[in-house]
Amino acid sequence: MLNIAGLERLDPQAPVVMLNLMRFHARSRDGDGSGWDAYLRYSAVTVPMIKARGGTLLWTGEAKAVALGPHAGSDWDFVALVHYPTVTAFLDMMTSEAYEREADPHRVNGCAEHLIIATSEAYSKFSLG
């Protein structure tokens with residue numbers, strides 16, 4: 001469920017990167033292929049919605065292994081980083097009628113669990129150099 005109250009505490013005009021963690025159903029809940037297949041249908045609808053709002057898919061990949069921290073409950077299948085120019089742009093997409101009608105059913109059919117964490121676009125307090 002979308003945490004609108006939490007997102008509304010953020011600066012609505014600030015850029016944001018969303019960390020998406022997904023765990024797929026073995027079979028799509030609608031019976032049309034695997035959970036991965038349903039997620040691909042979701043992506044085909046959602047990526048144009050992201051781009052229409054000035055967003056960018058920064059990176060996607062399989063979650064291979066937990067490198068640090070507890071292993072229990074951390075067995076994600078797929079990870080995506082998505083940049084939005086503003087928190088408002090993300091909320092606009094996620095609450096749009098088109099998203100709810102055309103995209104979200106595929107996400108629900110494909111994902112046993114889908115966690116999205118809002119992050120700041122850049123955090124310059126730490127330096128790796």
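**Aromatic pairs and pockets**

Modeller: Nine aromatic pairs are present in the structure, where rings of Phe, Tyr and Trp (its six-membered ring) pair if their centres lie within 6.5 Å, and planes under 30 degrees apart count as stacked, over 60 as edge-to-face and the rest as tilted. In Phe 24 and Tyr 39 the ring centres are 5.3 Å apart and the planes lie at 50 degrees, so this pair is tilted. This is a predicted model, in which local features need pLDDT of at least 70 and side-chain atom pairs count only at pLDDT 80 or more, while totals for chains, interfaces and linings use all residues. Residues are numbered from 1 along each chain as its sequence is written, and side-chain values use heavy atoms, with hydrogens and water left out.

Biologist: Are Phe 24 and Tyr 39 buried or exposed?

Modeller: Buried means under 20% relative accessible area, exposed over 50%, and partly exposed in between (1.4 Å probe, protein chains only). Phe 24 is therefore buried at 15%, and Tyr 39 is buried too, at 8%. Tyr 39 also forms a stacked pair with Trp 36, with 6.2 Å from centre to centre and 25 degrees between the planes. Trp 36, at 35% relative accessible area, is partly exposed.

Biologist: Which residues form one aromatic cluster?

Modeller: The cluster consists of Phe 24, Trp 36, Tyr 39, Tyr 42, Phe 78 and Tyr 99.

Biologist: How should I read the pockets, and what volume does the largest pocket have?

Modeller: Rolling a probe the size of a water molecule over the atoms shows where empty space is left. On a 1 Å grid over the protein atoms alone, a pocket is an open set of points where a 1.4 Å probe fits, with protein on both sides within 12 Å along at least five of seven lines, and lining residues have an atom within 4 Å of a point. Grid points are joined across faces, edges and corners, and a volume is the space filled by probe spheres set on the points. The largest pocket has a volume of about 480 Å³, and among its 20 lining residues Met 1, Leu 2, Asn 3, Met 94 and Ile 116 lie nearest its centre.

Biologist: Which residues lie nearest the centre of the second largest pocket?

Modeller: That pocket holds about 200 Å³ of space, and of its 19 lining residues Tyr 39, Tyr 42, Ile 50, Leu 57 and Val 82 lie nearest the centre.
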